[in-house]
Amino acid sequence: MRRVMTYENLDAKLINALLGDGRASLRSLAEELDVSVTTVSNHLRDLEDEGVIEGYTPRVNYDELGYDVTAIIQLKVEGSALPQITDRLREQKQMISVYEVTGDYDIIAVGKFTDTDGMNSQIKALLTDSDIRESNTSVVLNAVVENEQFELDIDE
């Protein structure tokens, strides 16, 4: 007897399958999930339309491309300048993450650089902004886990 798969369960399994292989074909996904290609296609379209799946992109190892200096930049800014500073950081291509946070600092940004000189010059250029009251930069010595995604729990 075939088990009835719920909509949410199928979506979670589909997401997990894509996390394992983002280049999987509709046919291979359908075979893996034991559903029709049309069902996979419809669910994928729904997940994309709902913004759950935002796109398909390769996972790039920036270290292998020479961007082996990772910096974590913490900034205290004047409250009204927060949007302008985060926009400025977002526009810098080497900033891979920018967060507005609670705590001692207002912004945390993570950047990838080819060397400490390049990192230093970008950070110094940023710090010329008078709305930045304080900064703290840490250079990552060892990335234990980076850019990891996790599989969704599936109710069986």
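Helix α5 (residues 116–126) lies across β1, β3 and β4 of the predicted model, at about 15° to β1. Helix α4 (residues 82–91) lies across β1, β2, β3 and β4, and runs at about 165° to β2. Contact here means heavy atoms within 4.5 Å; axes are lines fitted to C-alpha atoms, for helices over the stretch in contact, and angles run from 0 to 180 degrees between N-to-C directions. Helices (H or I, at least four residues) and strands (E, at least two) are DSSP runs, numbered from the N terminus. Residues are numbered from 1 along each chain as its sequence is written. In this predicted model, local features need pLDDT of at least 70 and side-chain atom pairs count only at pLDDT 80 or more, while totals for chains, interfaces and linings use all residues; side-chain values use heavy atoms, with hydrogens and water left out.

The open sheet comprises 4 strands in the order β2-β3-β1-β4, with antiparallel pairing. Because β2 and β4 (132–139) stand at the edges with a single partner strand each, one side of each is left without a neighbour in the sheet. From one strand to the next, the twist averages 15°. Two strands are taken to pair if DSSP finds at least two bridges between them. The antiparallel pairing of β2 with β3 (residues 107–113) extends over 5 bridges, and S97 stands opposite V110 in β3.

V110 and S97 also belong to the lining of the second largest pocket, together with T70, I72, I96, Y99, V140, A143, V145, E146 and N147. A pocket is defined on a 1 Å grid over the protein atoms alone as an open set of points where a 1.4 Å probe fits, with protein on both sides within 12 Å along at least five of seven lines; lining residues have an atom within 4 Å of a point. The volume of the second largest pocket, about 150 Å³, is the space filled by probe spheres set on the points, which are joined across faces, edges and corners. Both β1 (69–77) and β2 supply at least two residues of this lining, and β2 provides the largest share, 3 residues. The lining divides into 7 nonpolar, 3 polar and 1 charged, where Ala, Val, Leu, Ile, Met, Phe, Trp, Tyr, Cys and Pro count as nonpolar, Asp, Glu, Lys and Arg as charged, and the others, Gly among them, as polar.

The largest pocket has a volume of about 1200 Å³. Among its 27 lining residues, L19, T57, P58, R59 and Q149 are the closest to its centre. Here α1 (7–20) and β2 (95–100) each supply at least two residues, and α1 gives the most, with 3 residues. This lining consists of 13 nonpolar, 7 polar and 7 charged residues.
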